[in-house]
Amino acid sequence: MATTEGVREAIALLEDVGLLKPTNDELRRARAWEAVIDQGALDADLQLAVKRLARSAEKQYGSVTPKQLNNELRRIRNDRIHQFATTFAPPHPYVDPVLDLAYQRAYLAAIGDGSGTEQADCEGQAGGEMGQ
């Protein structure tokens, strides 16, 4: 989950590259952005999303929005899942299709978070148990 410090660092970088106008109340801005940024975002993903936005061809001074940042965070997660899925397939430990689907969702969500296959399996097992 993105921490307040992670959000403040992301905002500072956005200001430094000219995608956000500086403000006198950085803490207030950080709290507002923290409230609307994807709650599952990791600090490392947040930094990567900011860097991707800063490198994008479409830049306008002071124009970045939390929605753009959330869209980039979603792309990062989807890219990880797609990269995994082109090489591997998640295991199917359950015969019951409902439990297996719950496992698959949790497994792929963990992959999207950047977890390895062992951690993804643990998350998948937890998801499968919740599907019961």
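Modeller: A crossing is left-handed if the near helix is turned anticlockwise from the far one by less than a right angle, and right-handed if clockwise. This is a predicted model, where local features need pLDDT of at least 70, side-chain atom pairs count only at pLDDT 80 or more, and totals for chains, interfaces and linings use all residues. Residues are numbered from 1 along each chain as its sequence is written, and side-chain values use heavy atoms, with hydrogens and water left out.

Colleague: Thanks! Which hand does the crossing of α5 and α6 have?

Modeller: Helices here are DSSP runs (H or I, at least four residues), numbered from the N terminus. The axes, lines fitted to C-alpha atoms over the stretch in contact with angles from 0 to 180 degrees between N-to-C directions, come within 7 Å for α5 (residues 97-112) and α6 (residues 117-130), crossing at roughly 145 degrees. As for the hand with which α5 passes α6, the crossing is right-handed.

Colleague: And how is α3 oriented relative to α4, roughly parallel or roughly perpendicular?

Modeller: The axes of α3 (residues 43-55) and α4 are 9 Å apart, and the two helices pack at an angle of about 110 degrees. Angles of 65 to 115 degrees count as roughly perpendicular, so α3 is to α4 roughly perpendicular.

Colleague: Good. Is Q83 buried or exposed?

Modeller: Q83 sits in helix α4, residues 66-87. Buried means under 20% relative accessible area, exposed over 50% and partly exposed in between (1.4 Å probe, protein chains only). The relative accessible area of Q83 is 57%, so Q83 is exposed.

Technical notes: Angles under 35 degrees count as roughly parallel, over 145 as roughly antiparallel, 65 to 115 as roughly perpendicular and the rest as oblique.
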